[in-house]
Amino acid sequence: MNLPLPAAVIADSAGVPAMVLVRGTLRPVVAIGDRWRIDDEWWRTEISRQYFALELEGGTRTTVFQDRMTGSWYTQQYTAPAQLSASS
Amino acid sequence: MRTTSPYVELHMHSCWSLREGASQVEELLARAKELGYGTLALTDHDGLHGAMEFAKKAYGEGSGSGIRPITGAELTLTDGSHLTVLAETVEGYRNLCRLLSLAYKSDRHTPRTDREALFAHRAGLIVLSGCREGEIARQLDAGGTKAAEVIAAEYRDRLGAGQFYLELQHHDIYGDSQRVEALSALSRRMATPVVATNNVHYHVRGRHRLNDVLVLPEIASGDGEALRQLSGSHRGDPADRRALRLQPRDRPAI
């Protein structure tokens with residue numbers, strides 16, 4: 001299961017991640033590889049997430065999202081929908 | 001006096017696209033007028049069902065909205081890919097009608113347009129490369145850069161100068177940024193111009209739920225397995241991204 005894990009993220013005034021807490025250390029974001037949204041399942045429990053694919057200082061790559069319904073941040077390994085579809 | 005919008009939406013669906021497109025022609029026109037549009041295209045899927053109503057209500061004497069209408073359609077090709085086709089002239093309109101007649105003649109339930117037929121009836125038409133289900137976009141998404149070049153070259157060379165454009169769309173979906181970058185790079189390599197469109201499916205954000213129900217009737221039945229298998233559809237689109245707006249959705253700053 002690829003469940004989201006709570007994350008500590010410091011974002012700038014535009015909501016873009018600037019620092020991410022990794023193993024007790026705040027790591028600056030050095031590059032944002034991509035950003036995208038998922039809005040889905042309004043007919044059940046609505047999902048609205050803003051994802052960011054990040055590169056942190058030191059070269060670590062991670063994907064985080066902010067839950068737009070609650071404001072909370074999470075990390076989650078992201079698999080593109082096409083890849084999901086191809087593997088199903 | 002309201003300033004006319006410099007942006008012209010060249011890819012827009014009404015409810016005549018059936019199962020996609022959740023707004024009526026007059027709702028789209030009324031919203032376009034509010035936004036200050038001077039020109040607007042209607043490109044319903046494989047059909048011109050709303051074209052006459054669109055033209056009359058847009059520019060008809062007495063009752064028109066004053067918006068210059070462009071008649072077009074989003075054609076489904078024989079491989080299932082999509083292509084946006086606009087009539088530039090009366091001859092182009094006739095050719096678009098011919099192409100659609102041929103498509104329905106081959107299969108009236110699932111009309112498909114043959115690329116060779118498009119090239120044979122190209123006069124007066126302007127062709128855009130289509131949405132993420134376009135032939136070129138699909139190739140780029142699959143990593144087929146060379147194949148995308150070959151296809152783009154064929155459209156460019158066989159349609160003629162000024163008749164073919166690479167279409168850029170960004171709806172904040174995973175993969176949109178990379179696709180826009182790849183299409184822009186292709187444009188530079190192939191000396192083929194780009195055009196930004198928004199692939200409008202409804203006139204205001206609030207209509208997205210109806211659009212979702214039309215695209216995915218399984219929502220109404222709560223069929224979770226069917227929903228899971230539909231990951232390649234419009235499911236997951238941010239709600240406000242396909243509403244009529246004053247400019248195309250730009251690539252977010254990253």
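This is a predicted model: local features need pLDDT of at least 70, side-chain atom pairs count only at pLDDT 80 or more; totals for chains, interfaces and linings use all residues.
## Chain A: elements and a surface patch

Chain A is built from one helix and seven strands, and read from the N terminus these elements follow the order β-β-β-β-β-β-β-α. Chain A has 88 residues, of which 34% count as buried.

On the surface, A:Ile10, A:Leu21 and A:Leu26 make up a nonpolar patch whose accessible area is about 250 Å² when the three residues are taken together. One of these residues, A:Ile10, belongs to strand E2 of chain A, which covers residues 9-11. A:Ile10 counts as partly exposed because its relative accessibility is 42%, and the band for that class lies between the 20% limit for buried residues and the 50% limit for exposed ones.

## A salt bridge between the chains

Side chains of opposite charge can pair when their charged atoms come close. Over all chains, the structure contains 17 salt bridges, and the paragraphs here and under the next heading take up several of them.

In one of these pairs, B:Arg209 forms a salt bridge with A:Glu46, and the closest N and O atoms are 3.7 Å apart. B:Arg209 sits in helix H8 of chain B (residues 208-215), whereas A:Glu46 sits in the loop of chain A between strand E4 (25-40) and strand E5 (47-56), so the pair joins two chains. Both partners fall in the intermediate class of accessibility: B:Arg209 counts as partly exposed at 37% relative accessibility, and A:Glu46 counts as partly exposed at 35%.

## Salt bridges within each chain

Within chain A, the side chains of A:Glu55 and A:Arg61 meet in a salt bridge with an N to O distance of 3.7 Å. The two partners fall in separate accessibility classes, since A:Glu55 has a relative accessibility of 23% and counts as partly exposed, while A:Arg61 has a relative accessible area of 65% and is exposed.

Within chain B, a salt bridge brings together the side chains of B:Glu135 and B:Arg115, with 3.4 Å from N to O. This pair links distant parts of the chain, 20 residues apart, with B:Glu135 in helix H5 (residues 135-141) and B:Arg115 in helix H4 (residues 115-120) of chain B. B:Glu135 counts as buried because its relative accessibility is 11%, which is under the 20% cut-off, whereas B:Arg115 counts as partly exposed at 22%. The two residues also take part in a network of salt bridges, which links B:Arg115, B:Glu116, B:Glu135, B:Glu154 and B:Arg158.

## Helices H6 and H7 of chain B

Helix H6 (residues 145-159) and helix H7 (residues 176-190) of chain B have axes that come within 11 Å of each other and cross at roughly 55°. That angle makes H6(B) oblique to H7(B), because the roughly perpendicular class covers 65 to 115 degrees and the roughly parallel class holds angles under 35 degrees. The crossing in which H6(B) passes H7(B) is right-handed.

## Loop residues of chain B

Two loop residues of chain B can be described through their backbone angles and their accessibility. B:Asp172, which is not a glycine, has a positive phi value near 65°, and B:Asp172 lies in the loop between strand E5 (164-168) and H7 of chain B. With a relative accessible area of 1%, B:Asp172 is buried. B:Ala191 likewise has a positive phi, of about 50°, although it is not a glycine, and B:Ala191 is found in the loop between H7 and strand E6 (194-196) of chain B. In contrast to the buried B:Asp172, B:Ala191 counts as exposed, with a relative accessibility of 65%. The C-alpha atoms of B:Ala191 and B:Ala153 are separated by 9.6 Å, although the two residues are 38 residues apart along the chain.

Further along chain B, B:Leu216 is found in the loop between H8 and helix H9 (218-221). B:Leu216 is buried, having a relative accessible area of 2%. From B:Pro69, B:Leu216 is 147 residues apart in sequence and 30 Å apart in space, C-alpha to C-alpha.

How values were computed
Residues are numbered from 1 along each chain as its sequence is written. Chains are lettered from A and ligands numbered from 1 in the order in which they are written. Side-chain values use heavy atoms; hydrogens and water are left out. Patches are made of residues with over 30% relative accessible area and no salt bridge: like charges are joined within 9 Å, nonpolar side chains (Val, Leu, Ile, Met, Phe, Trp, Tyr) within 5 Å. Accessible areas come from the Shrake-Rupley method with a 1.4 Å probe; for residues, only the protein chains shown count as cover. A salt bridge is a side-chain nitrogen of Lys or Arg within 4 Å of a carboxyl oxygen of Asp or Glu. Helices (H or I, at least four residues) and strands (E, at least two) are DSSP runs, numbered from the N terminus. Buried means under 20% relative accessible area, exposed over 50%, partly exposed in between (1.4 Å probe, protein chains only). Axes are lines fitted to C-alpha atoms, for helices over the stretch in contact, and angles run from 0 to 180 degrees between N-to-C directions. Angles under 35 degrees count as roughly parallel, over 145 as roughly antiparallel, 65 to 115 as roughly perpendicular and the rest as oblique. A crossing is left-handed if the near helix is turned anticlockwise from the far one by less than a right angle, and right-handed if clockwise.
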